Amino acid sequence: MSANAIALQPPSRLAFLSRIFAKEIQYEFVKALRIKAFSLSVLGFPIMFYLLFGISNRRTDYAVYLMASYGCMGVVSAALFGIGMGISMERAQGWLELKQASPMPRLAYLAAKIVNAAAFALIIEIVLIALALTLGGAHVTVIQAVRLIGVVLLGSVPFAAMGLLVSVLVPANSAPGIINLIYLPMSFASGFWMPITMLPHWLQTIAPALPTYHLAQLALNVIGMAQPGLMATHVQVLAGYTLVMFGAAWMIFNRSEAKA
């Protein structure tokens, strides 16, 4: 076989799909960055709050605590607002129908949303660690920093599932308000703002039912500030939430497609 014949061979299906996924992820990330209302708020709020509350408690355990908890806040907001509100808006604008009509695999669209949320979470956590080490006077080892980033990245999956479920249930015009109603109470009750032992007893009782609580405990475990208990339980609860929410979103989406 000649060299020219080899050069004319079409790319393999795997290479073709990989290119589609890579392009979709790239365009989704660039689009999210260009939407300033999204990128500035998702990136800005955890960082701004750390500058306000973390730095004012520099050289204390609270500065380390907020580095971990605000990282969790970042991943939850990136997933809920990026996926939940993003898909809801795209559905209302007809952009989702256009995507469905295209030959692009559905999974590429979903993967781009999840990777985008994880990328924003990664940026937030890296900035928070840098602020904690410099302005916050915190001591964080390299292993702790890597483990914290790993927790945040893995945490993007269950909240991507939650965002997907919200996107198929909530109309676009009410999505921002409803997502805030979900996000803010969950963040407060899960110890993102202060150690859960400082919350009222009834909130401490409710907290273990929330997925944000289990993500926070995994992140706080890295810096030795988690509540007593097995970390495997938190992983199992988050995995269960992920399966249930992905399954429910998939079922509702297919049912709405069948009616269309």
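**View A. One cavity of 30 Å³ or more sits inside this structure.** The model is a predicted one, where local features need pLDDT of at least 70 and side-chain atom pairs count only at pLDDT 80 or more, while totals for chains, interfaces and linings use all residues. Residues are numbered from 1 along each chain as its sequence is written, and side-chain values use heavy atoms, leaving out hydrogens and water. The largest cavity holds about 260 Å³ of space. Its lining is made of 16 residues, and those closest to the centre are L96, R106, Y109, L164 and F253. Two or more lining residues come from each of α5 (95-101), α6 (106-134), α7 and α11 (231-259). With four residues, α6 gives the most. Sorted by class, the lining has 12 nonpolar, two polar and two charged residues.

Here is how to read those terms. On a 1 Å grid over the protein atoms alone, a cavity is a set of points where a 1.4 Å probe fits but cannot get out, and lining residues have an atom within 4 Å of a point. Grid points are joined across faces, edges and corners, and the volume is the space filled by probe spheres set on the points. Ala, Val, Leu, Ile, Met, Phe, Trp, Tyr, Cys and Pro count as nonpolar, Asp, Glu, Lys and Arg as charged, and the others, Gly among them, as polar. Helices (H or I, at least four residues) and strands (E, at least two) are DSSP runs, numbered from the N terminus.

**View B. Helix α8 covers residues 175-189.** Its 15 residues reach 21 Å from the first C-alpha to the last, close to the 21 Å expected at 1.5 Å a residue; the expected span is 1.5 Å times one less than the number of residues. Which residues of α8 are buried? They are A175, I179, Y183, M186, S187 and A189. Buried means under 20% relative accessible area, exposed over 50%, and partly exposed in between (1.4 Å probe, protein chains only). The buried residues of α8 pack against α4 (61-93), α7 (142-169), α9 (201-206) and α10 (211-222). After α8 comes G191, whose phi is positive, near 90°.

**View C. R59 has a positive phi of about 65° although it is not a glycine.** Most residues other than glycine have a negative phi. R59 is found in the loop between α3 (36-54) and α4. Is R59 buried or exposed? It counts as exposed, because its relative accessibility is 62%. Leaving aside neighbours within four places in sequence, R59 is in contact with G136 and G137; contact means heavy atoms within 4.5 Å. The C-alpha atoms of R59 and G137 are separated by 4.7 Å, although the two residues are 78 apart along the chain.

View D. V42 is buried, because its relative accessible area is 2%. Not counting residues up to four places away in sequence, V42 touches G74, S77, A78, F120 and I124. From V42 to V146, 104 residues along the chain, the C-alpha atoms are separated by 22 Å. G82 is buried too, with a relative accessible area of 13%. Beyond its neighbours within four places in sequence, G82 is in contact with F38, S77, I87 and K113. G82 and A32 lie 7.8 Å apart in space, C-alpha to C-alpha, and 50 residues apart in sequence.

**View E. L243 is found in helix α11.** L243 is exposed, because its relative accessible area is 65%.

**View F. An unreviewed UniProt entry annotates "transmembrane region" at residues 37-56, 62-87, 107-133, 145-170, 182-203 and 235-253.** The UniProt positions follow the numbering used here, feature names are shortened, and annotations may be inferred rather than shown by experiment. Residues 37-56 are 90% helix and 0% strand, with end C-alpha atoms 27 Å apart. Residues 235-253 are 100% helix and 0% strand, and their end C-alpha atoms are 27 Å apart.

Terms used:
On a 1 Å grid over the protein atoms alone, a cavity is a set of points where a 1.4 Å probe fits but cannot get out, and a pocket is an open set with protein on both sides within 12 Å along at least five of seven lines; lining residues have an atom within 4 Å of a point.
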